[in-house]
Structures are given as structure tokens and as C-alpha cells.
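Here is a friendly walk through one protein chain, with the model open beside you.

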Amino acid sequence: ALLRSGAAVVQDVDCADGEIVAWARRRGWIPQETPWGPYFTVTSQPDGAKEDNAYSSAAIDPHTDGPYTESVPPRWQLLHCLESHSSPGNGESLAVDGFAAVAWVRDQDRAAYDLLARVPVRWENQNGSVAIHPHITICPDSGAVLSVRYSSKSGGYAPPDAPNGFFAAKRLFYRALQRPEFTRRHQLLAGEVLIVDNWRVLHARTAFDPREGVRKLQGLYVDGIARIVRSGERRDRPPSYRSLATASRAQIVESVEQYSADWKRNGLRRALDLLRLQDTDATMLGAGINLYQHGLQAASRALRGSARDDVIVAALLHDVGELMSPSNHGEVAAGILRPYVDLETAWVLEHHEVFQGAYYLHHLDMANDKHKRWESHPFYPACLEFCAKYDAPSFDCDYDVLPLDAFLPALKRVFARKPWWHSPQHPKAGTVLGD
């Protein structure tokens with residue numbers, strides 16, 4: 001859960017001062033020295049020179065820690081709740097998925113996203129630490145988002161020559177961080193530890209009434225979480241089984257329930273992550289737009305043409321397999337969507353690259369009528385129409401493309417269907433997810 005979403009809560013940690021340091025070390029994580037020592041303590045009582053809302057009962061806006069760090073901010077933050085007497089709904093801890101917010105900005109306004117990734121801003125703290133970095137750090141090779149910096153109390157001051165549109169981009173990013181679908185809320189109780197990926201997740205807190213009692217947390221930053229978690233060298237909970245052949249009924253039921261719950265929470269997001277991987281110049285391939293923009297354009301044409309949900313979703317995701325298997329990418333998309341879309345749409349996805357060849361294969365001295373071998377198939381006309389109306393014309397860099405949010409209603413309806421709803425006797429019906 002931690003590596004997948006960037007945040008997790010661990011329970012039943014001993015509520016002793018400084019226990020968070022020992023607890024982290026027992027898991028092979030390496031505590032980093034902080035300006036306050038090996039760990040810091042945050043209470044609801046003002047603490048002298050610490051002129052910070054953290055030492056109060058006021059709400060705290062979403063932020064990352066240490067954006068003023070010149071090299072890289074600390075990666076993993078642990079917050080251990082030792083004491084809390086707040087009533088339900090007060091003093092909630094919030095974890096905001098910065099990567100999801102960045103993706104939303106990119107889908108809404110690509111120019112704004114580019115400004116946030118390009119314009120260096122000034123981050124600082126009261127101790128004189130200063131760093132100049134943009135809000136978003138991008139991998140120069142893959143175009144993937146590596147980290148996010150955001151903190152209203154640490155500046156983020158624009159340079160005097162900030163380009164037009166920068167402040168609008170920053171406001172759009174702020175709006176994205178307030179969207180409830182990117183926020184996980186949890187009221188930390190004594191003995192719980194909140195772990196966040198500080199390069200990805202912004203943390204925050206709602207206000208609470210200090211008259212209800214003291215709220216005391218201790219925190220630190222650590223290195224090595226990803227390495228230990230991925231390697232499986234340490235686990236808080238031992239594996240419930242080591243082979244499907246020896247697993248009990250109860251173990252299998254629990255495993256399938258967890259898998260199903262995870263899919264329902266994250267399946268759609270992962271499908272869109274495949275789409276977003278195509279948002280790079282590497283997928284332009286001589287065209288005026290890349291494959292991500294091509295998918296948005298094809299789906300825009302389908303939505304504006306009042307196409308069915310299945311066709312809109314297919315138009316958006318029809319090329320997501322092209323990065324992995326270009327000459328067979330239709331079957332990749334069909335394989336992903338086949339349990340959820342109708343049989344006609346799955347067939348169209350599986351065969352569309354052959355039908356699309358009618359428009360260009362002759363330029364390569366190849367036969368461009370290969371699709372005609374399926375002329376007698378009942379779904380043949382649908383695939384012709386899909387390519388003619390949505391796929392072939394959707395390389396137009398001047399077309400008014402709809403944002404990704406416009407397709408979410410159709411996507412949610414399709415992905416909410418029971419897998420293999422159209423073929424309940426299919427041998428794969430019920431496998432893995434138990435649905």
C-alpha cells in the first residue's frame with residue numbers, strides 16, 4: 001500500500017517518547033538527523049520560538065516538508081501519534097496525492113503543467129535555508145514526475161521575470177490539491193504511525209479544539225523504506241500462505257477480498273496511468289501530437305458524436321499497449337478492457353490496427369486491404385466506423401481536445417461493471433477477483 005499510494009498507517013506502536021526512532025531502526029530504515037535532533041515533537045501547545053501552525057490547534061494546508069532543501073527534500077516521513085483526545089472529525093490527518101494532482105493539472109491545461117515543471121521558484125525557511133526549484137521535478141528521459149514541492153509557508157516565490165500564465169498555473173495546482181478525490185483522511189489515534197512519501201504526498205491537518213485535550217505527535221525522516229519494503233526483508237505481518245496448493249479456504253477468501261477491494265479502488269487509475277505514460281515526445285513519432293493526445297482526441301470525437309460508453313472508453317485507451325507491443329497493441333487494449341466492454345467493442349479494439357492500415361500501408365509498399373478478410377464478420381462495420389470516425393482523423397494538432405475529466409463518467413460506469421458481465425459462462429469469469 002505504501003509504495004502504491006505513497007501513504008500508509010501502521011497501528012499498535014508503543015507510545016513512548018522516542019519510540020519512533022527505535023521502531024524505524026528495527027525495520028532497517030535509516031533515521032535522518034533533523035534540526036531538532038533525531039526526531040521532532042509536535043504538540044497543540046505553542047512552543048516559544050517555533051512560530052509554526054503545527055504547534056497550535058489551527059488547520060494546516062497541504063504541504064511537503066523541506067522544499068527549501070537544496071539537493072533533495074527528505075523522502076519518507078513518519079508521524080507517530082502518542083496522544084490525542086480530539087473528537088471524531090477534529091484534527092484529522094490528510095494525505096494528498098501530489099502525483100494525481102499534477103496529472104489532473106496536465107489533463108486540464110498542458111501549458112500550466114509545463115510552467116510548473118519549468119519555472120524555478122524560491123523556497124526558504126526561517127533558519128536561512130534557500131533552494132531554487134520548480135514545483136514539479138520531471139525525469140528528463142522518460143518525462144515521468146519524480147517529485148512535487150509545495151508549501152505555502154515556505155515561499156515558492158516566483159522570479160521577477162515569471163512568464164505569463166505562471167500564477168494562473170499555480171492557482172490551478174492549488175485547486176487540484178483541494179480536490180477531494182486526491183485526499184485520504186484519517187484521524188490518528190495513539191499508537192498509530194502515518195508514513196508518507198514526501199516526494200509525492202502532501203500532508204495536512206484539520207483544525208481541532210485544544211480544550212478537548214493534548215495532541216502529541218513525534219516524527220522523523222528516514223531513508224531505505226522502498227528498498228526494504230520491495231525486498232521483503234522485513235514484514236510487520238507474516239505471509240498468510242506460501243503456495244496456492246497449500247492455502248486454506250479462509251486464506252484464499254481473504255486474499256481475493258483484498259485483491260477485489262484494491263482493484264475497485266485503483267483499477268481505473270492504473271488504466272489511466274498507462275494512458276499517461278504516452279504523454280511524452282517519444283510517442284509523437286513524426287506526428288503533430290503524441291499518443292496520449294491522440295487518445296484524448298479520439299475520445300473527444302466519440303463523446304461529441306454521442307457514442308456509447310464502451311466506444312468512448314475504447315477510443316481513449318485503444319493505443320495504451322503501443323509502448324509495449326506496437327504491432328499487437330490492439331490485443332493489449334482488448335485484453336485489458338474485454339471483461340468490461342461489450343463483445344463488439346472488444347473485437348474492434350483487438351483488430352483496429354489492421355483496419356487502420358487501410359490508410360497508410362500502401363505508402364510502405366504493403367497491402368492495405370488486409371482487413372477485408374473479416375468482411376463477413378458481424379463486427380466488421382463497427383471497426384470500419386471506429387477507425388474512420390475516431391482513430392484515423394485524430395492526429396490533428398488544431399483539434400479542440402476535451403480534458404481527461406470529461407471522460408471520467410463513462411470510464412467509471414464501464415469499470416464499475418461486473419467482470420465478464422456479457423459472458424457469465426466464460427472460463428475466466430470469477431477468476432482472481434472472485435466476482
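Predicted model: local features only at pLDDT ≥ 70, side-chain atom pairs only at ≥ 80, totals over all residues.

C383 is buried, with a relative accessible area of 0%; buried here means under 20% relative accessible area, exposed means over 50%, and partly exposed lies in between, all with a 1.4 Å probe and protein chains only. The cysteine sulfur closest to that of C383 belongs to C387 and is 4.7 Å away, so the pair is too far apart for a bond. A disulfide is counted when two cysteine sulfur atoms lie within 2.5 Å, and a search of the whole structure finds 0 of them. C81 is in no disulfide either, the nearest cysteine sulfur being that of C15 at 7.0 Å.

Residues are numbered from 1 along each chain as its sequence is written, and side-chain values use heavy atoms, with hydrogens and water left out.

**The chain as a whole**

The chain has 13 helices and 15 strands; these are DSSP runs numbered from the N terminus, helices being H or I with at least four residues and strands being E with at least two. Along its principal axes, the C-alpha trace spans about 80 × 65 × 35 Å. Of the 435 residues, 47% count as buried. The accessible surface comes to about 21,800 Å², and 52% of that belongs to carbon and sulfur atoms; such areas come from the Shrake-Rupley method with a 1.4 Å probe, and for residues only the protein chains shown count as cover.

How far apart in sequence are the residues that contacts join? Among contacts between residues at least 6 apart in sequence, 75% join residues at least 24 apart, where contact means heavy atoms within 4.5 Å.

**The nonpolar cores**

In soluble globular proteins, nonpolar side chains tend to be buried together. A nonpolar core is defined here as a set of buried Ala, Val, Leu, Ile, Met, Phe, Trp, Tyr and Cys residues joined through side-chain atoms within 4.5 Å. The largest one holds 42 residues, and L316, L317, F407 and L411 touch the most other members. Two or more residues come from each of α7 (249-276), α8 (291-304), α9 (309-317), α10 (329-337), α11 (343-356), α12 (380-391) and α13 (408-415). Helix α9 gives the most to this core, with 7 residues. Leaving aside neighbours within four places in sequence, L411 is in contact with L268, L272, V313, L316 and L317. Apart from this core lies another, of 26 residues, among them A100, A162, L172 and L202.

**A closer look at single residues**

A176 sits in helix α5 (residues 166-177) and is buried, with a relative accessible area of 0%. Not counting residues up to four places away in sequence, A176 touches A101, W104, V105 and F182.

D273 is found in helix α7 and counts as partly exposed, at 30% relative accessibility. From D273 to I312 there are 39 residues in sequence and 17 Å in space, C-alpha to C-alpha.

**Positive phi angles**

Most residues other than glycine have a negative phi. D12 has a positive phi of about 60° although it is not a glycine, and D365 likewise has a positive value, near 60°. D12 lies in the loop between β1 (7-10) and α2 (19-26), and D365 in the loop between α11 and α12.

To finish, here is the accessibility of some of the residues discussed above.

| Residue | Relative accessibility | Class |
|---|---|---|
| D12 | 77% | exposed |
| D365 | 75% | exposed |
| D273 | 30% | partly exposed |
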